[in-house]
Amino acid sequence: KTAHQELIPDTAVAEMLTISRSMVHKLNSTGRLPHPVRLGRCLRWRADEIAAWVAAGCPSRSEWSWSA
């Protein structure tokens with residue numbers, strides 16, 4: 001694992017996927033995105049995991065396995 005993994009907000013995920021923030025939240029709530037990291041009330045995603053997930057064809061959360 002890398003010593004520093006960038007955690008990005010929903011706005012950055014939306015930009016990476018070229019979708020809206022509301023679609024990011026919809027995909028997350030339906031289990032279509034990798035698990036976010038919760039920081040207090042905020043959700044963040046690992047930028048490198050999102051990139052790997054896209055490269056893998058955007059599988060559902062139940063089919064996705066990732067190790068940094």
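## A buried alanine

At 5% relative accessibility, Ala14 counts as buried (buried means under 20% relative accessible area, exposed over 50%, and partly exposed in between, with a 1.4 Å probe and protein chains only). Ala14 sits in helix 1. Beyond its neighbours within four places in sequence, Ala14 is in contact with Ile19, Ser20, Arg21 and Val24 (contact means heavy atoms within 4.5 Å). Ala14 and Val24 are 10 residues apart in sequence, with their C-alpha atoms 6.1 Å apart in space.

This is a predicted model, where local features need pLDDT of at least 70 and side-chain atom pairs pLDDT 80 or more, while totals for chains, interfaces and linings use all residues. Residues are numbered from 1 along each chain, and side-chain values use heavy atoms, without hydrogens and water.

## Two helices meet

Helix 1 (residues 10-17) and helix 2 (residues 21-29) pack at about 95 degrees, their axes 8 Å apart. That makes helix 1 roughly perpendicular to helix 2 (the word covers angles of 65 to 115 degrees). Helices here are DSSP runs of H or I with at least four residues, numbered from the N terminus. Axes are lines fitted to C-alpha atoms over the stretch in contact, and angles run from 0 to 180 degrees between N-to-C directions.

On the helix 1 side, Asp10, Thr11, Val13 and Ala14 meet Arg21, Val24 and His25 of helix 2.

## Salt bridges

How many salt bridges does a search of the whole structure find? There are 2 (a side-chain nitrogen of Lys or Arg within 4 Å of a carboxyl oxygen of Asp or Glu). Arg21 pairs with Asp10, with the closest N and O atoms 3.1 Å apart. Arg21 is partly exposed at 47% relative accessible area, whereas Asp10 is buried at 11%.

Conventions
Angles under 35 degrees count as roughly parallel, over 145 as roughly antiparallel, 65 to 115 as roughly perpendicular and the rest as oblique.
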